Amino acid sequence: MAIWDEQHETIDRERLQELQLRRVRDMLARVYERVPFYREQLSAVGFEPGDLTSLDDLAGLPFTDKTDFRDNYPYGLFAVPMSEVVEIHSSSGTTGKAVVGGYTRADLESWTELVCRLAVAVGAHDGDIAQIAFGYGMFTGGFGLHYGLQRAGVAVLPISAGNTARQLQYMKDFGTTILIATPSYALYIGEVLQRREVPVEQLRLRLGMFGAEHCSEEMRAQIESRLPIRGTDNYGLTELTGPGVAGECECRTGMHISEDHFLAECLDPATGKPVADGEVGELVVTAFTRECSPVLRYRTRDLTSLTRERCACGRTTARMGKVVGRTDDMFIISGVNIFPSAIESVLFQIEGVEPFYQIVLGRTNGLDTFEVHVEVTDTLFDGWMDDLRAFERRVTEELRSALLVRPKVKLVEPGKLERSEGKARRVIDNRPS
Ligand SMILES: [Zn+2]
């Protein structure tokens, strides 16, 4: 199992913490001097550069969240003059103003290195051909993977998202070995492949690198049953640089965090206090090496757990588990908190269910309505009506027992629900706010 940057990926914890402390202190001095937002935030808690004498002191410093990015749109959080910026990315900004991140030459160099680590960790190497079916453009995914994979020696096909017929054509003709996509899009590509009855022997595909949305083990299994690949998960956010924050190694037992660039905390979202390793909490990340867009204690809203146990691959870095939900995608029905991921994990374990579903929330006569639309297999859908009704009751019952709330389940024919070429929209909330 190859390791790209032995020095940093297998560093011992004591030396890592010294390095983190030095770098975080340096970052705090920079943002205090150059970013008015951070100077105000830090001054408000009586902090001055130099006050941080141990990493534990970080717990007393303020958080940054998405609102802060929006309030300082577009360049208010930049810590360098525009003359030093060579690239700018932003999130889609579907709800409110976009999140903007800038990169100096040194930032692009680090980003390339970080993504290269991910690629090498899952077994990418020279001779591989990677089809990047992430959207290029302002989204960080396309360019991030592009830079990093090239550094790992991989030939890149910058096909971008969409046009699934062309994706399959290129995959076959160009001998693609690695597919880069959101899990939802990988699943859809797999579905089209099966429907067109393209023999998998015609493909050289062997590896998938998924990102930009959470990928449960059940989802991964669904993708692997449709495409001849071993799927791997990695993690990143526009707020923190894009892909390259963390990624699985070949062991697939959690995502290694590049701790020489990112300091990860796992906190109880309600109290802001740390939870123990192995327990689920909100991931909070300080991105301390970025020149243009350093971020102090960013509240990702992603719920996961951390472990610092040594991994069989030899890396010593902390690993984050699967993202099990987001503090902001949870919805409340009849007073019960529900995560879409919990619904997914029930559905994907039921034989006869296709891995496409949608959650529709509404309100009738002052009462919340909760529907789960689920695609079923051809065989089931074309079979006896009685069987279909019995199956619907079974799906309803399994969801009720896991969620403690009874949804109205609607079975729909295969291919009926919206397919995604990027991040899937799982929840449609029609309730008046
Ligand atoms: Zn590992």
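Helices (H or I, at least four residues) and strands (E, at least two) are DSSP runs, numbered from the N terminus. On that basis the chain holds 12 helices and 21 strands. Its radius of gyration, taken over C-alpha atoms, is 22 Å. This is close to the 22 Å that the globule rule (2.2 Å times the number of residues to the power 0.38) gives for 433 residues, so the chain is as compact as a globular protein of that length. The structure is a predicted model, in which local features need pLDDT of at least 70 and side-chain atom pairs count only at pLDDT 80 or more, while totals for chains, interfaces and linings use all residues. Residue numbers start from 1 along each chain, as its sequence is written.

**Overall dimensions and packing**

- The C-alpha trace of the chain spans about 75 × 55 × 40 Å along its principal axes.
- Of the 433 residues in the chain, 42% are buried, a class that requires 20 or more other C-beta atoms within 10 Å of the residue's own, against 12 or fewer for exposed and a count in between for partly exposed, with C-beta atoms placed from the backbone.
- Among contacts (C-beta atoms, placed from the backbone, within 7 Å) with a separation of 6 or more, 67% involve residues 24 or more positions apart.

- Four strands form an open sheet in the order 10-11-12-15, with antiparallel pairing; two strands pair if DSSP finds at least two bridges between them.
- Strand 10 (262–267) and strand 15 (325–326) stand at the edges with a single partner strand each, so one side of each has no neighbour in the sheet.
- Strand 10 runs antiparallel to strand 11 (residues 281–287), and six bridges join the two.
- Within this pairing, Glu265 stands opposite Val284 of strand 11.

**Backbone geometry in loops**

- Tyr73 and Pro74 are joined by a cis peptide bond, with omega about -5 degrees. Pro74 belongs to the loop between helix 4 (66–71) and strand 1 (87–90).
- Ser160, although not a glycine, has a positive phi of about 70 degrees. The residue lies in the loop between strand 4 (155–157) and helix 7 (164–173), and Ser160 is partly exposed, with 17 other C-beta atoms within 10 Å.
- Glu197, also a residue other than glycine, has a positive phi near 55 degrees. Its place is the loop between helix 8 (183–195) and strand 6 (207–210), where Glu197 is exposed, with 6 other C-beta atoms within 10 Å.

How values were computed
Contact = placed C-beta atoms within 7 Å.
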